[in-house]
Amino acid sequence: MALNPEQRIGALVRELAPRVLGAVLRRYRDFDAAEDAVQEALLAASVAWPRDGMPDNPRGWLVQVAFRRLTDQARSDKARRHREERIAEELGHEEERLAGLGEEAWTAEGEADDTLLLLFMSCHPALTSASAIALTLRSVGGLTTAEIAKAFLVPEATMAQRISRAKQTIQASGVPFERPKASEWPERLKTVLHVLYLVFNEGYLATSGPELARSDLANEAIRLTREVHRLLPDDPEVSGLLALMLLTDARRHARTGPEGELIPLDEQDRSLWDRKEIEEGVELVTEALPKGSVGPYQLQAAVAAVHDEAPRVEDTDWHEILALYGVLESMSDNPMVVLNRTIAFSMVNGPRAGLERLEELAKDPRVAGHHRIDAVRAHLHELAGDRETAILHYRAAASRTTSFPEQRYLVARAARLSERLK
């Protein structure tokens with residue numbers, strides 16, 4: 001569906017937001033002040049661009065507006081005069097230099113990697129891994145607090161407090177919010193990869209809203225992971241994550257019908273899968289696995305490769321998938337990994353056996369009320385021939401998901417089974 005001019009501007013503003021924040025933070029190192037300045041610049045763009053037209057260099061326009069906001073703040077905040085005067089002087093020199101260079105300077109200043117740089121900067125040494133991931137998802141991924149909370153399986157209020165504390169911790173630590181040294185990049189890599197993984201997941205299957213996916217997020221996660229892979233081509237987990245994204249994204253065009261409805265994996269037209277992405281993903285994971293210790297992204301990529309290489313759903317090697325998930329579960333305390341292994345176990349040992357395992361997982365308070373538990377329970381009851389129970393759980397899952405396409409799919413599934421009972 002084609003976007004109108006205002007929708008195109010809105011999409012561009014959202015895409016540019018982390019790049020602009022990265023450019024501002026790269027020079028001025030105050031997260032809260034930079035974030036406020038960028039938000040004001042984005043708001044100004046949403047008003048000015050539909051009225052006056054798109055500037056030749058949208059990113060440069062936004063950065064300059066953010067700079068002016070910081071300059072004005074520096075001049076007006078007398079209580080923090082000394083620090084703000086220093087920032088104002090730096091900003092004044094920066095604006096003069098850029099004005100002399102012209103707008104082409106913005107590209108030369110590294111537009112392409114500002115978001116990647118912001119990603120590594122946000123994985124600050126003063127923060128725990130969980131706090132760094134939450135803050136980075138907010139600043140780089142552009143996810144809402146509610147979306148991040150769902151990814152972590154915690155209440156939204158808890159996540160809001162975590163993000164706020166992360167910013168306060170950075171300020172109190174005295175450790176500059178600046179470009180990490182080359183020697184510091186490897187120690188931040190694990191957090192960076194986790195952020196990219198979560199951003200891709202939200203892009204591939206949105207946790208809420210009218211659309212099944214957010215292709216802007218998925219594409220940006222792939223772009224940034226390619227950049228990390230370019231920098232660290234021999235790291236097997238970087239290769240594994242890129243492979244996982246490509247092998248999953250390859251199914252994008254088969255996942256939805258003409259009206260945007262969800263089409264599950266076992267019903268997809270596999271001729272619509274992107275063979276180029278599949279070939280690249282398989283090559284990446286095949287090369288990564290023998291390089292050393294096998295990590296979770298390589299294992300998940302291997303699972304995705306088994307699905308993608310099966311010409312028909314009946315040809316899927318569920319025994320291999322079950323074995324891969326067994327190794328992955330031994331590395332992780334993630335209940336979603338256990339759920340996926342339970343599905344594979346059901347495909348190998350039958351739905352009744354799978355239901356017994358599912359009841360154990362359902363006792364885990366992190367996922368006890370999650371819609372996927374009810375959705376899997378419904379599917380297994382349907383496979384076992386218990387349509388009435390399946391209907392109840394499809395409806396329960398539909399009432400719990402905040403994704404409209406998932407909700408419509410689950411309701412339709414229940415309705416189809418109801419018709420068969422008549």
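Trainee: Which residues of α14 are buried?

Mentor: Buried means under 20% relative accessible area, with exposed over 50% and partly exposed in between (1.4 Å probe, protein chains only). In α14 the buried residues are Tyr-297, Gln-298, Leu-299, Gln-300, Ala-301, Ala-302, Val-303, Ala-304, Ala-305, Val-306, His-307 and Asp-308. That is twelve of its 14 residues, so the helix is largely enclosed by the rest of the structure. This is a predicted model: local features need pLDDT of at least 70, side-chain atom pairs count only at pLDDT 80 or more, and totals for chains, interfaces and linings use all residues. Residues are numbered from 1 along each chain as its sequence is written, and side-chain values use heavy atoms, leaving out hydrogens and water.

Trainee: What covers the buried residues of α14?

Mentor: Cover is read from contacts (heavy atoms within 4.5 Å). Here it includes α10, α12 (236-249), α13 (275-288) and α15 (318-331). Helices (H or I, at least four residues) and strands (E, at least two) are DSSP runs numbered from the N terminus; the chain has 20 helices and two strands.

Trainee: What span should α14 have, and how far apart are its end C-alpha atoms?

Mentor: The expected span is 1.5 Å times one less than the number of residues. For residues 296-309 that gives 20 Å, and the end C-alpha atoms are 20 Å apart, which agrees.

Trainee: How many residues does the largest nonpolar core have?

Mentor: A nonpolar core is a set of buried Ala, Val, Leu, Ile, Met, Phe, Trp, Tyr and Cys residues joined through side-chain atoms within 4.5 Å. The largest has 80 residues, and Val-24, Leu-62, Leu-137, Leu-196, Val-228, Leu-241 and Leu-247 have the most contacts inside it. Helix α10 (residues 185-204) gives the most to this core, eleven residues. Another core, of twelve residues, lies apart from it and takes in Leu-299, Ile-321, Leu-322 and Leu-328, among others. Over the chain, 48% of the 422 residues are buried.

Trainee: How many salt bridges does the structure hold?

Mentor: A salt bridge is a side-chain nitrogen of Lys or Arg within 4 Å of a carboxyl oxygen of Asp or Glu. The structure holds 17. One joins Arg-251 and Asp-308, 2.7 Å from N to O. This pair links distant parts of the chain, 57 residues apart: Arg-251 is in the loop between α12 and α13, Asp-308 in helix α14. Arg-251 and Asp-308 are buried.

Trainee: Where do Glu-382 and Arg-413 lie?

Mentor: Their side chains form a salt bridge at 3.3 Å, N to O. Glu-382 is in helix α18 and Arg-413 in helix α20 (residues 404-421), so the bridge ties together parts 31 residues apart in sequence. Both residues are buried.

Trainee: Which residues are linked in a network of salt bridges?

Mentor: Glu-359, Asp-374, Arg-377 and Arg-400. Within it, the closest N and O atoms of Glu-359 and Arg-377 are 3.1 Å apart. Glu-359 is partly exposed at 35% relative accessible area, whereas Arg-377 is buried at 11%.

Trainee: How many aromatic pairs does a search of the whole structure find?

Mentor: Rings of Phe, Tyr and Trp (its six-membered ring) pair if their centres lie within 6.5 Å; planes under 30 degrees apart are stacked, over 60 edge-to-face, the rest tilted. The search finds three pairs. Trp-49 and Trp-61 are edge-to-face, 5.4 Å centre to centre with 70 degrees between the planes. They sit twelve residues apart, Trp-49 in helix α2 (residues 31-52) and Trp-61 in helix α3 (residues 58-76). Trp-49 is buried at 2% relative accessible area; Trp-61, at 26%, counts as partly exposed.
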